[in-house]
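Hi,

Here is the structure I promised to pass on. Have a look at it first, and then read my notes below.

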Amino acid sequence: MFGAGTDTASTSLVWAIGELLRNPLVMKELQQEALWINAWAIARDPSIWEEPEVFRPERFLNSPMDYIGSHFEFLPFGASRRGCPGIKFAATINELVLANLAYKFEFALEGEHSLDMSDTDGMTAHKKYPILVKATLSPISYLPDSEPIQQESSGDNTTSWHNYSWKTTLTA
Ligand code: HEM
């Protein structure tokens with residue numbers, strides 16, 4: 001086992017390096033080939049995805065396609081040995097946070113601010129411009145039998161948590 005696993009591999013590497021040294025053009029070609037899998041482009045390939053640029057999350061409902069690296073048409077977390085080890089944590093946290101925010105708040109763009117969905121270059125695609133958003137506590141998130149909690153700071157007893165809203169800038 002030791003001989004079969006070590007002697008063979010090291011010997012072929014030595015031969016390969018020898019040949020590359022004797023053939024500098026082949027060496028150059030090899031050195032210039034650094035392989036990237038363009039997961040971004042694959043996920044937007046119209047030959048795979050219907051209207052790939054349209055945000056339609058329900059396309060994944062009852063779909064045989066998953067995001068864990070077994071379908072190469074969709075690789076948000078990579079695949080195989082170097083695939084993201086944080087996949088379960090990330091999927092759980094993202095679902096929990098998004099579901100809670102969507103359930104508890106109404107969101108609106110603040111003022112005349114327009115929503116520019118441009119992204120930046122880099123290992124992680126950040127939003128190029130932050131989102132200026134107004135979040136208002138949603139009526140559906142009230143407990144049915146609870147009394148409105150009075151706002152503490154304003155001294156205005158008519159203002160309840162029902163009217164609370166926050167303005168915030170979301171950067172990613
Ligand atoms: C939405 C959230 C996340 C996305 C989209 C994501 C995506 C990715 C991708 C695409 C890779 C490269 C996989 C490859 O080369 O094939 C990666 C690697 C990695 N991720 Fe994540 N990730 C996320 C969250 C996390 C979290 C929460 C953690 C840790 C708790 C984490 C830890 C790592 C590590 C350590 C690697 C390097 C793995 C290696 O090279 O062996 N990631 N991730």
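A quick word on terms: helices (H or I, at least four residues) and strands (E, at least two) are DSSP runs, numbered from the N terminus. Counted that way, the chain has four helices and three strands, and along the sequence they come in the order α-α-α-α-β-β-β.

Keep in mind that this is a predicted model, where local features need pLDDT of at least 70, side-chain atom pairs count only at pLDDT 80 or more, and totals for chains, interfaces and linings use all residues. Residues are numbered from 1 along each chain as its sequence is written.

Next, burial. A residue is buried if 20 or more other C-beta atoms lie within 10 Å of its own, exposed if 12 or fewer, and partly exposed in between, with C-beta atoms placed from the backbone. Of the 172 residues in the chain, 1% are buried.

Now for the loop between α3 (39-42) and α4 (87-104), which holds E51. N62 sits in the loop between α3 and α4 too. Most residues other than glycine have a negative phi. E51, though, has a positive phi near 45°, and N62 has a positive one near 50°. Why is E51 called exposed? Because E51 has 9 C-beta neighbours inside 10 Å. N62 has 6 such neighbours, so N62 is exposed as well.

Finally, look at E33, in the loop between α2 (24-32) and α3. E33 is exposed because 7 other C-beta atoms lie within 10 Å.

Cheers
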